[in-house]
Amino acid sequence: MAPRKLAAGNWKMNGTLASLAEVDRLLADHPQPGCDLLICPPATLIHAMAAKGIATGGQDCHANASGAHTGDIAAAQLRDAGASHVILGHSERRTDHGETDDQVRAKAIAAHEAGLVAVICLGETEAQRDADQTLDVIAGQLAASVPDCATAANTVVAYEPVWAIGTGRTPTNDQIAEVHALMRDRLAARFADGADVSLLYGGSVKPGNAAEIFAIPHVDGALVGGASLKAGDFGPIVAALAASGG
Ligand code: PGA
């Protein structure tokens, strides 16, 4: 098995029921997308999104299965609403909510127990890159955020440099290649099917840079924020992934 190609949209805290028209447009333009397609809308839209027959993900889940956690969502509840995936450890969660690698790992275990695919995000800050710490940071986050129960079927890993998210800036192709090679090596060394785990790049992926990014070794797809909100932007990214050779 080779890693599956995945185009994943992260709508973050954007979108209402009216936004689902964009999904109708996307599916009309790409009835057979040629790669796996996933949209992670706000929790309020998961049920309606999943009802359209598109793979749907949450953007976070609690590590516990249920209980007194006002405002949180359990993995099984995401699944019950129609989700198949959940993004975990996004840098906005790590920054806004102080999430640690240990918490991300606990959430990933909860996601797996509920039958969800965990899309686990890693990424260095600009200060860490400037201090030449990127590979150490990514290796550390990978080791601590990805649980021992991870398989190629239940886990996707996304490299999202914090400084590239929503900024219009992207790493060089060599910088992306270096990090993806490291993630592939570490996963392959640790897990029997680590060579088959899909590895996504995320951070200012746009129609104009998608094909170039998808040509980088060990980039199996993208986690797309801003450009996933409009079918006219996300569609060409999906098409570029489907057309990519790797
Ligand atoms: P961006 O966000 O595509 O808007 O940079 C990516 C992400 O945060 O997943």
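Helices (H or I, at least four residues) and strands (E, at least two) are taken as DSSP runs and numbered from the N terminus. The model described here is a predicted one, in which local features need pLDDT of at least 70 and side-chain atom pairs count only at pLDDT 80 or more, whereas totals for chains, interfaces and linings use all residues. Residues are numbered from 1 along each chain as its sequence is written, and side-chain values rest on heavy atoms, with hydrogens and water left out.

The loop between β7 (198–202) and α9 (207–214) holds Ser204, a residue other than glycine whose phi is positive, near 60°. In general, most residues other than glycine have a negative phi. Ser204 counts as buried because its relative accessibility is 9%, where buried means under 20% relative accessible area, exposed over 50% and partly exposed in between (1.4 Å probe, protein chains only). A positive phi, near 70°, is also found at His218, which lies in the loop between α9 and β8 (221–224); at 35% relative accessibility, His218 counts as partly exposed.

Ser204 is also among the closest of the 13 residues that surround the ligand, together with Lys12, His90, Glu160 and Gly166, a residue being near a molecule if one of its heavy atoms lies within 4 Å of it. This shell is made up of 4 nonpolar, 7 polar and 2 charged residues. A polar backbone atom of Ser204 is 2.8 Å from an oxygen atom of the ligand, and for Gly226 a polar backbone atom likewise lies 2.8 Å from an oxygen atom of the ligand. At Gly166, a backbone N or O atom is 2.7 Å from a ligand oxygen atom. The ligand taken alone exposes 280 Å², of which the protein buries 96%, with areas computed by the Shrake-Rupley method and a 1.4 Å probe.

Strand β1 (residues 6–10) contains Asn10, which is buried because its relative accessible area is 5%. Apart from neighbours within four places in sequence, Asn10 is in contact (heavy atoms within 4.5 Å) with several residues, including Cys40, Gln59, His90 and Val224. In the loop between α8 and β7, Asp193 is partly exposed, with a relative accessible area of 24%. Its contacts, again leaving aside neighbours within four places in sequence, are with Thr151 and Ala152, and a polar atom of the Asp193 side chain lies 3.0 Å from the backbone nitrogen of Ala152. Asp193 and Arg94 are 99 residues apart in sequence, and their C-alpha atoms are 28 Å apart in space.

Two helices were examined for length and burial. Helix α7 (residues 134–145) has 12 residues and should span 16 Å at 1.5 Å a residue, which agrees with the 16 Å between its end C-alpha atoms; the expected span is 1.5 Å times one less than the number of residues. The buried residues of α7 include Val137, Ile138, Gln141 and Leu142, and among the elements that cover the buried residues of α7 are α5 (101–113), β5 (117–122) and α8 (173–190). Helix α10 (residues 231–243), with 13 residues, reaches 18 Å from its first C-alpha to its last, close to the 18 Å expected. Among the buried residues of α10 are Phe234, Ile237, Val238 and Leu241. An α-helix has 3.6 residues a turn, so residues three or four places apart point the same way. The cover over the buried residues of α10 includes β1, α1 (20–29), β2 (36–40), α9 and β8.

Terms used:
Polar contact = N/O pair within 3.5 Å; in protein donor to acceptor, adjacent residues only side chain to side chain. Nonpolar A, V, L, I, M, F, W, Y, C, P; charged D, E, K, R; others polar.
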